[in-house]
Amino acid sequence: SWTRKLQKRGGAARACQEEPSLTSVPKAFDRDECARILALFEEAKEEVDRRDAMGISRRNRWLPRDKWDSVRWVVERMLKRLPSLPQMDAENFLERHVEFVLLHEFREGDFFDWHVDSKPDDGKMRTQNVNVVLSSATDFEGGALQVGSANASLQLGDLHAYPAALPHKVHDITKGRRYTLVVATRGTIEGYWAAALRDYERLARELGEEHPKLHWILGEHLESIERPEEARRAFAASYRATPQKPQYARKFADDAAEKHAAGDLRGAAEDLGMATLVEPDDAEYRVDLGVVLWRLGDFVGAEEQLRAALERGAPEAAVRAGLSLVLADAGDARGAAAERDRAMAAGADDAAAAFEALEGLRGGGGT
Ligand SMILES: O=C(O)CCC(=O)C(=O)O
Ligand SMILES: [Fe+2]
C-alpha cells in the first residue's frame, strides 16, 4: 500500500501556479457603513470565547438568523467586490452560501492562534472566509491578521476573502479593541482540497520551523484523508520545531519502554518511531527501536536502525552484538559471525553482557 500511495502522489498533476489565497479590497466600506455594520450587533449576546488549548481568546456576537435581512446590503457589496464568490442576489447567497454571520471582538491580551475553519470530513463544506475590518488602525495595536504567509491590511473598511482551509491567525492584541465582521461561506469548489493540501505543505515547509502548529495542521489534514504515515511525519516535524523537542522525544521513548515491558511490541515500535522522527540524531532511541523491530521479526528495519545508531555514536560492542543476532535471524550466518567478531573486538565484556540480555528477550519472554 506504501508504493501505491507513493505512485498516486507522484502521478498526480501538480499545479504550476499558486492559487490566489488572499483577496483584499481596501476600503470596501466607508466609515459610516462600518459603524452601521457594528450597530447591527448591538443587541446580539456577547459570548466570551476562551479556549486556551486551541489558542483562542476573543468575544463573539452571532447575528441571529432572523436578522440576516439586515446584512443583505453588506453581502451585496461583498458579492460585487469579490467576483470569485458564486454570483447571485444577496438574499439567495445568504440562504444558500452563508453558514454564519459573526462579529469578532479582540481586547488587549486576546489572540487567535493558527487554525483552519474547514476540514474535508466535517460535512460543512465551508469554503471562503470573508472578513471586514471594523476598527480604525488607531483603535488597537498588534492583532495582525496573517493568512498563510501574508499579512492582511487592517484599515477600517478593508474587505478580505481567503479559503477557510488556509491556515490563518490573529496575532496578539497588545492594546485597544479590534472588531471584525466574519461571514463564513460554503459551496463546492472543484480542487478546493487539493489546493488546500498544497498550501499546507508549502506553509509547513516555509514557516513551519517558526510556527510548529502549521505542521500540526498539515498532519491533521493528512490524517483526515487517510495518509497516516505522512501524518505521523508531520506531527513529528511539529514536535521537532518546538523548544520542548527533547522532552517530547523522551516522552515517546518512555511510553515505548512501558509498552515494550507490557509486551505491546507494535505500540512500542510506533512510539520509538516517533522518538526517532523527533530526535533523528539520538542513538539511544535507534537502538531501542532496532531491538523492538528485531523482536517483531522486521530484520531489515532492525538492521537499519542499529546501523544508524552506530553512526550516531551508540556503544559499539553492544550494538554490534545486536546486529549479529539480527543478521543470524535473517539467515545471514556470515554477516552475523563478522558482527560478532567486531563486537568482541570492541569490548568483550560489554558484548557478552549484550548477548545475554538480548538472548533473554528472544525467548519470547523477557518479562
Ligand atoms: O480577523 C479576524 O477576526 C478573523 C479571523 C478568522 O479566523 C476568521 O474569520 O475565520
Ligand atoms: Fe478563522
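Mentor: The largest share of the shell around ligand 1, 3 residues, is contributed by E12. The model is predicted, so local features need pLDDT of at least 70, side-chain atom pairs count only at pLDDT 80 or more, and totals for chains, interfaces and linings use all residues. Residues are numbered from 1 along each chain as its sequence is written, chains are lettered from A and ligands numbered from 1 in the order in which they are written, and side-chain values use heavy atoms, with hydrogens and water left out.

Trainee: Which residues come nearest to ligand 1?

Mentor: A residue is near a molecule if one of its heavy atoms lies within 4 Å of it. Of the 14 residues around ligand 1, the nearest are His104, Asp117, Asn131, Arg178 and Thr180. By class, the shell has 6 nonpolar, 6 polar and 2 charged residues. Here Ala, Val, Leu, Ile, Met, Phe, Trp, Tyr, Cys and Pro count as nonpolar, Asp, Glu, Lys and Arg as charged, and the others, Gly among them, as polar.

Trainee: How far is a polar side-chain atom of Thr180 from an oxygen atom of ligand 1?

Mentor: The distance is 2.6 Å. For His104, an N or O atom in the side chain is 2.8 Å from an oxygen atom of ligand 1. The corresponding value for the side chain of Tyr162 is 3.4 Å. The protein covers 98% of the 300 Å² of accessible area that ligand 1 has on its own (Shrake-Rupley method, 1.4 Å probe).

Trainee: Is Thr180 buried or exposed?

Mentor: Buried means under 20% relative accessible area, exposed over 50%, and partly exposed in between (1.4 Å probe, protein chains only). Thr180 counts as buried because its relative accessibility is 5%. By contrast, Arg342, in helix H13 (residues 333-346), is partly exposed, with a relative accessible area of 43%.

Trainee: How many bridges join E4 to E12?

Mentor: Two strands pair if DSSP finds at least two bridges between them. E4 and E12 run antiparallel and are joined by 9 bridges; Leu103 has Leu181 in E12 as its bridge partner. Strand E3 (residues 56-62) also runs antiparallel to E4, with 4 bridges. In E4, 9 of the 10 residues are buried, so this strand is largely enclosed by the rest of the structure.

Note on methods:
Helix = DSSP H or I, 4+ residues; strand = E, 2+ residues; numbered from the N terminus. Polar contact = N/O pair within 3.5 Å; in protein donor to acceptor, adjacent residues only side chain to side chain.
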